[in-house]
Amino acid sequence: MTQIRRRGGALAILWILATAAVAGAAPLPGEADSARVEALLAQMSLEEKVGQLVQMSNPDDATGPVTARADRTRALRTGAVGSVLNVVGAAETRRYQELALQSRLHIPLLFAQDVIHGYKTGFPIPLAEAASWDLEAIRQAERVAATEAAAAGVHWTFAPMLDIARDPRWGRVMEGAGEDPYLGARIAAARVAGFQGSGLGALDAVMACAKHFAGYGAAIGGRDYNSVDMSLRQLWETYLPPFKAAAEAGAATFMNSFNDLNGVPASANAYLVNEILKGRWNFQGIVVSDWGSIGEMVTHGYAADNREAARAAINAGNDMDMESGAYGEHLAQLVRDGEVPVARLDDAVRRILRMKFRLGLFDDPFRYSDVERERRVLNNPAHALVARNIARESIVLLKNEGPLLPLSPKLRTIAFIGPLVKAKQDNLGGWAMEAPGFDYSQLIVSQWEGLQQRLGPATRLLYAQGSDIDSASTRGFAEAVAVAKRADLVILSVGESRDMSGEAKSRSNLHLPGVQEELIKAVQATGKPVVVLINAGRPLVFEWTAEHVPAILYTWWLGSEAGHAIADVLSGDYNPSGKLPMSFPRSEGQIPVYYNHFNSGRPAVDEPGHGYQSSYIDLPFRPRYAFGHGLSYTSFRYEHLQLDRHQLRGEEQLIASFELTNTGPRAGSEAVQLYLRDPVASLVRPVQELKDFQKITLQPGESHTVQFVIDRDKLSFYDARLQWVAEPGEFEIQIGPASDEIRLRDQFLLQ
Ligand code: GLC
């Protein structure tokens, strides 16, 4: 449930209603007309068909290793390119489109961009947004991103990234929704709905792209691009659900991944694309390779050269080649040689042309390249309010002894210390757009600015940098300690720089970088009350801080409105409601650690080294913070769990209801979680699996009856033959505010 708060919240609500209405009202021009696709296809030469399958990047803004290519302008003019990426702006896309329309059949280009968490308005990184557990807020965030991107000439975003990740050494955890297939699937559908809005062709909608298909987050060692090897059961149970949800939500495109999966690179994995995506899921959209991944099959050792790579990829179902050059160089000859069926080539071209018709590009190739609309849309003040709202909801209160938070209005002097206090671009996190033509040093609200504005002149705010983000220098410690001693309370803002998480940012050491934890110790030693903000794109390891500091907020990277959102939570204007979408390890040695694990025959126990158990002898078994963990400034009581039946037959549904009461002093939102367990089955099953959640907002003293509907689908799993089955027997219900905090339990029987 999303609560757009006061301070212009009404404006944001008006914006959301308006964009929904307008987009839905206008007839969608260029509705894909198969006759028009067939008529155009019939006119196309073999080379022109191949040209539609080629995607090139703007070489001046590359997001991967640029494949040297002679003359991109000539390729555009001769129809040898069907899509470009990293070209944005109404004027620039118009210029490129004019070049493409000089080709014989005047086929317009598709413009693609990595709008991963916002275009001009910077939103929290996707992992942070997942911590909001607020599907409507996530959908609205993507509505803003799509509206801004489409106004800037973008037709296609390379998002949402749907890779389930259980290993925070992998830097791309920042782009996804964490470790859980159910949460990941629900968020996938919300993001696709946000990007595609009322339908492709609306001027505030962009094509979504479900990526990276598939298994990329399971790279061995957490090392980006590394091999993935897993059972098909694991693939179906853990890694495919978000992609299946995206396909069911109507995602227009998919992108395959760099990794090999069980020995076959995803770029030519017919099992993934032809059998699952286009076969079982009947996907009718476009499958694009990742940057250069077709050519990389030579390096994988799966193809002898680019010609073999092109053949393997197209025949496995890959429709478009991003930046490898393999399709452009070899596909026409492969077809002439009979190694690639014309029917397969035509199928790929149809998929691409269909989208171009649906976007209305044949009716008006410049309809997304309107400079006046771009100026108006990119300066809409309501967008910042939508960003501030989800940024607040993404913050996770990990610890709050005292309680030290929210900040007491009696505090006269606060020290705000750390290398991220006055940071600007770092708040955007990785894969941030920074739209051309805007001064982000002005646009981004730093944490210092946000808190200074909120506290006003009555409270003295002192500053010291204290340390760098990632150096061994302790030169700033003395000043930090001196400033801390002059204050009533200290807030420390520490963590990663924005480029420490993201693509090709695998880390073997997840501790706070540099000497930041030493800085925390030095400030803590003053005896002043300390609050720590941890800014990062992934779970970090901070055992000393977790043990000794009374209050900790995980602030991820929150985007343009970071300063306002953090001040809203510190001041208590917003009661934190975030819940962790990933387990936080106590050490790198504990990875992979995730909540939905099997029990084993000798389950781990918490005391290290306790007998013949599956425990470490040198570390407690449980993560530092569990999946679903997140505290509030208020408290909630869970009681009166009732099942409307204790036996379930056939297609019947069971309703579990309970009463949630806000027993604390202030309004608050709680993401209540339903976990199920199948204690005995034909395959061992996890000790718990998230199967539903609701985010409920309650005033102090208010109660609400929460209902969860349990049906066979929620009881099903992929059996040894990969059949989706629900097996008769007993099931356990677990309900609570976190995977390690179950407040209500019951059982029922599936007949
Ligand atoms: C990158 C990423 C992918 C992105 C693409 C285009 O290598 O893996 O997520 O969409 O290239 O920038």
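Author: Let us begin with pairing: two strands count as paired if DSSP finds at least two bridges between them. The model discussed here is predicted. Five of its strands form an open sheet in the order β4-β3-β2-β1-β10, with parallel pairing.

Reader: What makes β4 and β10 the strands at the edges?

Author: Strand β4 (156–157) and strand β10 (321–322) each have a single partner strand, so one side of each is left without a neighbour in the sheet.

Reader: Which strands form the open sheet of three, and which of them are at its edges?

Author: The order is β5-β6-β9, and the pairing is parallel. The edge strands are β5 (209–213) and β9 (286–288), each of which pairs on one side only. On average, neighbouring strands of this sheet are turned by 20° against each other, direction ignored.

Reader: What makes β5 and β6 a pair, and where does helix α10 lie?

Author: Four bridges join β5 to β6 (residues 253–256), and the two run parallel; the threshold is at least two, so they count as a pair. A210 has its bridge partner, F254, in β6. Helix α10 (residues 241–248) lies across β5 and β6 and runs at about 155° to β5.

Reader: Why are both faces of strand β16 said to be covered?

Author: A residue is buried when its relative accessible area is under 20%. In β16 (residues 551–554), A551 and L553 on one side and I552 and Y554 on the other are all buried. Both faces are therefore described as covered.

Reader: Which strands pair with β16, and in what sense?

Author: Strand β11 (residues 396–400) is joined to β16 by four bridges and runs antiparallel to it. Strand β15 (residues 530–535) pairs with β16 in the parallel sense, again over four bridges. L553 of β16 is the bridge partner of L397, and L533 stands opposite L553 as well.

Reader: How do helices α20 and α21 meet, and what makes up their contact?

Author: The axes of α20 (residues 477–485) and α21 (residues 516–524) come within 9 Å and cross at roughly 35°. The crossing is right-handed. The contact is made by F477, A480, V481 and A484 of α20 with E518, L519, A522 and V523 of α21. These residues divide into seven nonpolar, no polar and one charged. Glu counts as charged, so E518 is the charged residue.

Reader: Is W133 buried or exposed, and how do you know?

Author: Its relative accessibility is 2%. The limit for a buried residue is under 20%, so W133 counts as buried. W133 is in the loop between α6 (126–130) and α7 (135–151), and its phi is positive, near 50°.

Reader: Is H640 buried or exposed?

Author: H640 has a relative accessibility of 52%. An exposed residue has over 50%, so H640 counts as exposed. This residue is found in strand β17 (residues 636–643) and has a positive phi near 60°. In general, most residues other than glycine have a negative phi.

Reader: Why is K120 called buried, and what does it touch?

Author: K120 has a relative accessible area of 12%, which is under 20%, so the residue is buried. K120 lies in the loop between β3 and α6. Among the residues it touches, not counting those up to four places away in sequence, are E148, L378, F438 and S560. K120 and P436 are 316 residues apart in sequence, yet 8.3 Å apart in space, C-alpha to C-alpha.

How values were computed
Residues numbered from 1 in each chain as written. Predicted model: local features only at pLDDT ≥ 70, side-chain atom pairs only at ≥ 80, totals over all residues. Heavy atoms only, no water. Buried < 20%, exposed > 50% of the residue type's maximum accessible area, 1.4 Å probe, protein only. Axes fitted to C-alpha atoms, helices over the stretch in contact; angles between N-to-C directions. Left-handed = near helix turned anticlockwise from the far one by under 90°. Contact = heavy atoms within 4.5 Å.
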